[in-house]
Every structure is written in C-alpha cells, then in structure tokens.
Amino acid sequence: MSYWNLSNKIESISYRIESIKSIIELVAENISDNAYSSPLWGCAEMLEIYTKQLEDLSAEAMEFNKIEKEDLPKKGKK
C-alpha cells in the first residue's frame, strides 16, 4: 500500500468520526438534562481529538509519499 492510499484511508476514517461527532453534538444540544448532555459533550470532545490525530497522521503519510516520490528519480540515477 502506498503512503497516498494510506493517507486516503486515514482521512476516510477521520471524516466518519467527524460525522459521528456531529451527530453526538446535535443530540447533546437537544438534551436539557445535564446528566445526559455532559457525557455526550465529552464524547464529542474525545472524537474531535481523535479526528485531529488522524488528520495529523494523514498529513504525515502524505509527507512520506512526497519524500518517496522525490527519492525515486535519485534511486533511478544510481
């Protein structure tokens, strides 16, 4: 699997987690009982953290892809 494919798969997971986070936020906004809405907001915050981490991993994979593509012509010259 190429770094580019890996990055795309990571981003796909990130988007799905972001969608789940949005659903949880929507539900939390419509619950007036703090005993139930607070845990939902906590879940949404955790998912936001995981989404950011996945986005960072995706960017790192793309950087490795760029480095790999830059190194290919150099390897071919040897």
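Predicted model: local features only at pLDDT ≥ 70, side-chain atom pairs only at ≥ 80, totals over all residues.
Met1 comes out at 71% relative accessibility, and the cut-off for exposed is over 50%, so Met1 counts as exposed.

Met1 also belongs to a nonpolar surface patch, together with Tyr3, Leu6, Phe64 and Ile67. That patch covers about 470 Å², and the elements giving two or more residues to it are H1 and H2.

Now, H1 itself. It runs over residues 3-29, which is 27 residues. At 1.5 Å a residue that should span 39 Å, and the end C-alpha atoms are 38 Å apart, so the two agree.

Which residues of H1 are buried? We have Ser7, Ile10, Ser14, Ile17, Lys21, Ile24 and Ala28. Keep the helix geometry in mind here: with 3.6 residues a turn, residues three or four places apart point the same way.

Some of those H1 residues turn up again in the largest nonpolar core. The core has 6 residues in all: Ile10, Ile17, Ile24, Ala44, Leu47 and Leu54. Again, H1 and H2 are the elements that give two or more residues to it.

Take Leu54 from that core. Leaving aside neighbours within four places in sequence, Leu54 is in contact with Ile10, Ile13, Ser14 and Ile17.

Last one: Ser58, over in helix H2, residues 34-77. Is Ser58 buried or exposed? Its relative accessible area is 1%, and buried means under 20%, so Ser58 is buried. And what does Ser58 contact, once you set aside its neighbours within four places in sequence? Ser7, Ile10 and Glu11. Ser7 and Ile10 are both on that list of buried H1 residues.

Key. Residues numbered from 1 in each chain as written. Heavy atoms only, no water. Helix = DSSP H or I, 4+ residues; strand = E, 2+ residues; numbered from the N terminus. Expected span 1.5 Å × (residues − 1). Buried < 20%, exposed > 50% of the residue type's maximum accessible area, 1.4 Å probe, protein only. Contact = heavy atoms within 4.5 Å. Core = buried A, V, L, I, M, F, W, Y, C linked by side-chain atoms within 4.5 Å. Patch = residues over 30% accessible without salt bridge, like charges linked within 9 Å, V, L, I, M, F, W, Y side chains within 5 Å. Areas by Shrake-Rupley, 256 points an atom, 1.4 Å probe, with all protein chains shown as cover. Salt bridge = Lys/Arg side-chain N within 4 Å of Asp/Glu carboxyl O.
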